[in-house]
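This report concerns the sequence and structure shown here.

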Amino acid sequence: MSNQKIEIILDAHQCQGYGMCLMSEDIFEIPQGSQVANLKMHFVDIDREDEVKELAGSCPAQAISFRILESA
Ligand code: SF4
């Protein structure tokens with residue numbers, strides 16, 4: 001059975017530090033003193049697809065994208 005994961009992709013050059021993505025605080029952080037978000041994890045389970053879609057859609061700078069990976 002294949003196992004799907006989502007790879008989260010953050011374009012740190014696009015990020016304007018709006019912080020909407022911090023609603024998923026286990027995935028994103030803005031380190032103290034930083035203006036841009038940082039990924040705390042790069043892969044999440046496929047059952048978080050809706051959440052990831054919402055994250056990507058809610059970033060005002062369109063800095064968040066994702067892709068679905070098949071892993072054996
Ligand atoms: S929502 Fe987008 S612009 Fe805002 S901190 Fe997160 S990645 Fe950066």
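## Basis of the model

This is a predicted model, in which local features need pLDDT of at least 70 and side-chain atom pairs count only at pLDDT 80 or more, while totals for chains, interfaces and linings use all residues. Residues are numbered from 1 along each chain as its sequence is written.

## Overall form

The protein chain has one helix and five strands, arranged along the sequence as β-β-β-β-α-β. Helices (H or I, at least four residues) and strands (E, at least two) are DSSP runs, numbered from the N terminus. The C-alpha atoms of the protein chain fill a box of roughly 45 × 20 × 20 Å along the principal axes.

## The sheet and its helix

Three strands form an open sheet in the order S4-S1-S5, with antiparallel pairing; strands pair if DSSP finds at least two bridges between them. Its edge strands are S4 (43-45) and S5 (64-71), each pairing on one side only. Strand S1 (residues 3-10) is joined to S4 by three bridges, and lysine 5 has aspartate 45 in S4 as its bridge partner.

Helix H1 (residues 49-58) packs on this sheet and touches S1, S4 and S5. Contact requires C-beta atoms, placed from the backbone, within 7 Å.

## Ligand shell

Among the 15 residues around the ligand, Cys15, Tyr18, Cys21, Cys59 and Ala61 come nearest. A residue is near a molecule if its C-beta atom, placed from the backbone, lies within 6 Å of it. The shell has twelve nonpolar residues (Ala, Val, Leu, Ile, Met, Phe, Trp, Tyr, Cys and Pro count as such), three polar and no charged ones (Asp, Glu, Lys and Arg), with the others, Gly among them, counted as polar.

Key: Two residues are in contact if their C-beta atoms, placed from the backbone, lie within 7 Å. Axes are lines fitted to C-alpha atoms, for helices over the stretch in contact, and angles run from 0 to 180 degrees between N-to-C directions.
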